[in-house]
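Subject: Structure handover

Hello,

Please find the structure below. My notes on it follow.

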Amino acid sequence: MPRLALTGGRVRERRLALGQRQADVARAAGISASYLNLIEHNRRRISPEVLARLADVLGTDSAALAQGSEGILAMDLRDAAAGAGGARPEVERIEDLIGRFPGWAELLAGQHRRLGRMERSVAALSDRMAHDPHLSAALHELLSVVSAVRSTAAILAETEEIDPVWRARFHANLHADAERLATGAEALVAYLDESGDTEEPGIAAPQEELEAWLVGQNWTLAALEPGAAPEARSALLAGSGGLASGAARQLARDWLAQAASDAAAIPMVDLIPAVARTGLDPVLLARQFGADVMAVFRRLALMPGGTLGVVICDASGTMIFRKPLDGFPLPRFGAACPLWPLYTALGRPMSPVQALVEMSGRTPRRFRTLAFCRPRLTGGFAGPQMAEAAMLILPADGVPGETLAVGTSCRICPRPACAARREPSLLSESQTAA
Amino acid sequence: MGNHVLVIEDEPNIVEAIRFILMRDGWDVSTLSDGGLAEDTIRARRPDVVILDVMLPGRSGFEILAALRADAETQTLPVLMLTAKGQGRDRAEAERMGASQFMAKPFSNAEILASVRALAGV
């Protein structure tokens, strides 16, 4: 991460752009020049008050200066700190770490992400060992034959006078068992070899693979629009076949089929002017297109150049689709903040939920959210009744009004007293702030 | 105590080996490969010791053991359980269900003989 992505670096950049001297800016902001120097070199944390004063002096707003400090790298490092166990990393100095040792910070965050993937992989593998019926049956068979061989061979070796008829029988048994052992062992090796090649259980969660692929497509799938060249469409489908795991490929296939039918119902050429006319209201847009509200949410996520985030969850609250938005970090693993309007909507199907939220962070940022839940009745009257909720996230920096204080996920949320907290935050910030 | 052992196991070469060892030691051995017939056979033949495999066609060894322990007549019948699944979960399950002894494959002939003798109180 470049130094300028950090708050201190941005302050310095802004000051130099205005051609102001450090001492003058410091005096105007009511801090010492040496303190400002430390801040500009990312050696000191900036309190929200000081940041606001500096922003004032520099003719800009705090959010613009702080942008990026709540980025993915900082979030991953905080997440790593949360799982640190006995060690007590200096969470309050994460920015300092990123600023002074960007390479080490990147390495640490990368290792933390890799550790998460490996933990899932181990869980998937042990699950497979314990529950794979083929493996269990094959091992049982092999051990049974080994047992017969051992007993028979011992009889032949240890019995001094053995009836020739019995001896001939045992020899024949040994021969047959040896053959079975050879075939069984070969089959087992082949099975293990093959499963190692074709699946990589949990190396990355399939959902994550699909998301990374969509990021690679820049969240734009022009080839699915009506009227796009059939070759472009097949190229896109072929590209999704390059995903590592079978589960992710299946997910991508289903997702693309859905995206194609969404595109047919709500073509992008019509959606963009409609948004300009009506605004970002999924319910009104759905009415205009005679389309499903959920389809509108999915289409908005793919709007070129759209600065908006979309999350979709199923009835269990598990996120099944996530398009992140800068400043509104989505949890990488596990459950999200229960206060998200997404979950309010999940509890109130068919009622639109609109809320101004403030995402926790060193410089809290505002977002406008629109959430909606719709039952899913794929099984008809026979059931089961399922639900799907979606939430649109729009930047709302500087928008006045009362906000709902939300976070990303309890573990890495610094809000000290929160009615919805389900586990203590492991951030030392929560203690110092309290 | 008599000297009748019933071996319930579906692997024919194991049955053959066990039968040979026990017969040389003076036991009267009968065998059965289908778990579904185990209970009836035990009631009819009244063996002194049962060697019971866990994985059987027809009915699992654990189910058979549970049925034997639930019946007053066979509650104390000595049962030696055989399994090919190592020591862990199956051993705990066998103990919980009231197996008299437990042995993991591949066992040695001497172990089988010693177990049967011990169970029969010889």
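Where in chain A is A:Met350 found? A:Met350 sits in the loop between helix H17 (341-346) and strand S3 (353-359) of chain A; helices (H or I, at least four residues) and strands (E, at least two) are DSSP runs, numbered from the N terminus. Its phi is near 70 degrees, a positive value in a residue other than glycine.

Before the rest, the conventions. This is a predicted model, in which local features need pLDDT of at least 70 and side-chain atom pairs count only at pLDDT 80 or more, while totals for chains, interfaces and linings use all residues. Residues are numbered from 1 along each chain as its sequence is written, chains are lettered from A and ligands numbered from 1 in the order in which they are written, and side-chain values use heavy atoms, with hydrogens and water left out.

Backbone

One runs from A:Gly383 to A:Pro384, with omega near 0 degrees, and A:Pro384 lies in the loop between strand S4 (365-376) and strand S5 (386-395) of chain A. Another runs from B:Lys105 to B:Pro106, also with omega near 0 degrees; B:Pro106 belongs to the loop between strand S5 (101-104) and helix H5 (109-120) of chain B. For reference, most residues other than glycine have a negative phi, and most peptide bonds are trans.

Interface between chains A and B

Contact (heavy atoms within 4.5 Å) involves 21 residues of chain A and 18 residues of chain B. The buried area is about 2,000 Å², with carbon and sulfur atoms giving 55% of it; this is the accessible area (1.4 Å probe) that two parts lose on being put together, summed over both. In chain A, the most area is lost to chain B by A:His140, A:Arg150 and A:Trp166, together 27% of what that side buries.

Two salt bridges are counted between chain A and chain B, each being a side-chain nitrogen of Lys or Arg within 4 Å of a carboxyl oxygen of Asp or Glu. B:Glu16 forms one with A:Arg169, where the closest N and O atoms are 2.7 Å apart. Helix H9 (133-158) and helix H10 (164-198) of chain A each supply at least two residues of the side that touches chain B. The largest share of that side, 12 residues, comes from H9(A).

Salt bridges overall

Over all chains, the structure holds 29 salt bridges. One of them links A:Asp177 and A:Arg180, with the closest N and O atoms 3.9 Å apart. These two residues, A:Asp177 and A:Arg180, are separated by about one helical turn because they are three residues apart in helix H10 of chain A.

Cavities

There are four cavities of 30 Å³ or more, a cavity being a set of points on a 1 Å grid over the protein atoms alone where a 1.4 Å probe fits but cannot get out. Grid points are joined across faces, edges and corners, and a volume is the space filled by probe spheres set on the points. The second largest cavity holds about 80 Å³ of space. Its lining has 14 residues, of which A:Cys337, A:Gly407, A:Cys410, A:Cys413 and A:Cys418 lie nearest its centre; lining residues have an atom within 4 Å of a point.

Regards

Notes:
On a 1 Å grid over the protein atoms alone, a cavity is a set of points where a 1.4 Å probe fits but cannot get out, and a pocket is an open set with protein on both sides within 12 Å along at least five of seven lines; lining residues have an atom within 4 Å of a point.
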